[in-house]
Every structure is written in C-alpha cells, then in structure tokens.
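Reader: Please show me the chain and its fold. I have some questions about it.

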Amino acid sequence: MNKYYYGVNIIRIMGILTYSSLADNRTINHIARNLRTQDRREIEAQGKDPKEEIISSVISSEECYEAFYGDEPLALFGIAENLDGTSIWMLGTKDVSKHVKALVSCGMDYISEKMMDHKSLYNYISLKNKKALRFMKHAGAEIDKEPVVTENGTKFVKFTLRRKHV
C-alpha cells in the first residue's frame with residue numbers, strides 16, 4: 001500500500017520488529033510525545049502507557065504502516081490477528097487534524113483492501129471519541145449498542161466492519 005495521499009506518504013514498516021528495535025525508534029517516540037488527546041485518553045483508560053501501547057500495537061500487527069507529511073510522522077496503523085479475530089487500529093499525532101482528507105482517503109482504501117482478505121475487522125472506540133465513531137460509521141461499521149466499561153468508568157463500544165457479499 002505504499003502510496004501518497006494529498007502529500008501524505010504511507011510506508012509499510014518492514015523487517016524484524018522487536019521491542020528493543022522500536023523503543024528508540026524516531027517515529028514511535030514522536031507519535032508517543034505528540035499523541036492525539038483522544039488516543040492518549042483511550043490508551044490510559046485501559047490502564048496502559050501510550051508509548052508501550054504503540055510499540056505493542058506495532059509488534060503484534062501482521063502488517064503496519066507509517067504516515068508522514070514530509071519527514072514529520074503523523075500516524076501508525078495496521079491490523080493484528082488475535083483470539084477474537086482481526087483488529088484494525090490507528091494511533092496518530094495532533095497533526096492528523098491538518099491532514100484529514102488524506103488520512104480519510106487512505107483509511108477507506110486500507111479498509112477496502114483488508115476486507116478482501118478478511119471477513120471482518122473490529123476494534124473498540126471510546127464513546128467520547130466522536131470523530132473516530134463518525135469515521136467508522138462512514139466506513140460502514142456496525143457499532144455495538146452496549147458499551148464495555150473500563151475500571152475507571154470509560155465507556156467503549158465495539159465496531160465491526162464486515163465483508164459485503166457480492
């Protein structure tokens with residue numbers, strides 16, 4: 001999927017990814033320091049450290065991509081296989097809001113591409129993350145009615161993208 005979207009460069013992360021190789025990674029550190037407020041809140045609501053969760057997301061992914069504007073990291077995203085199925089995720093910096101058109105186009109393309117290989121994709125979003133919920137609805141996701149509540153009281157809902165039968 002290495003592509004350009006309105007000046008945003010999408011590059012697949014390749015190679016052997018280990019904790020030690022990612023702990024000092026420029027992109028990981030930049031995104032961790034500049035994480036979108038809502039991404040940070042969602043990670044912390046689960047009792048996790050943002051940098052650790054970014055590294056964990058990258059390592060556990062079957063594939064992972066970096067989004068850059070010039071040499072500035074904007075986001076990381078990918079898919080990961082787990083016991084519940086295939087999760088799709090994205091974590092971004094505060095500068096994501098400056099590149100909405102590019103990242104929405106990229107996200108829609110990525111979802112379409114992954115739906116060719118997977119019957120469904122899922123993840124959880126905080127009910128407070130209105131922009132992410134709106135995007136997932138636009139992408140055709142089903143949003144569960146019943147939220148899951150974390151220990152600190154944050155409500156998350158599961159979204160599921162399903163392959164359309166042709």
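What follows is a short exchange on selected elements.

Author: This is a predicted model, where local features need pLDDT of at least 70, side-chain atom pairs count only at pLDDT 80 or more, and totals for chains, interfaces and linings use all residues. Residues are numbered from 1 along each chain as its sequence is written, and side-chain values use heavy atoms, with hydrogens and water left out.

Reader: Is S61 buried or exposed?

Author: S61 sits in the loop between α4 (50–60) and β3 (63–69). Helices (H or I, at least four residues) and strands (E, at least two) are DSSP runs, numbered from the N terminus. Buried means under 20% relative accessible area, exposed over 50%, partly exposed in between (1.4 Å probe, protein chains only). S61 has a relative accessible area of 14%, so S61 is buried.

Reader: Which residue's side chain makes a polar contact with the side chain of S61?

Author: Leaving out residues up to four places away in sequence, S61 touches I79, A80 and W89 (contact: heavy atoms within 4.5 Å). A polar contact is a pair of N or O atoms within 3.5 Å; within protein, one must be able to donate a hydrogen and the other to accept it, and residues adjacent in sequence count only if both atoms are side-chain atoms. At 2.9 Å, the side-chain partner of S61 is W89.

Reader: Which residue caps the N-terminal end of α4?

Author: The buried residues of α4 include P50, E53 and I54. Their cover includes α1 (19–23), β3 and β5 (85–92). At the N-terminal end, a side-chain oxygen lies 3.2 Å from the backbone nitrogen of K51, and the capping residue is D49.

Reader: Which residue of β9 is the bridge partner of Y122?

Author: Two strands pair if DSSP finds at least two bridges between them. Strands β6 (residues 120–126) and β9 (residues 155–162) pair in the antiparallel sense over 7 bridges. In β9, the partner of Y122 is T160.

Reader: Which residue in the turn between β8 and β9 has a positive phi?

Author: Strand β8 (residues 148–149) runs antiparallel to β9, joined by 2 bridges. V149 is paired with K155 of β9. The two strands form a hairpin with 5 residues between them, and the turn residue with a positive phi of about 95° is G153.

Reader: At roughly what angle do the axes of α5 and α6 cross?

Author: Axes are lines fitted to C-alpha atoms, for helices over the stretch in contact, and angles run from 0 to 180 degrees between N-to-C directions. Those of α5 (residues 100–117) and α6 (residues 130–138) come within 11 Å, and they cross at roughly 50°.
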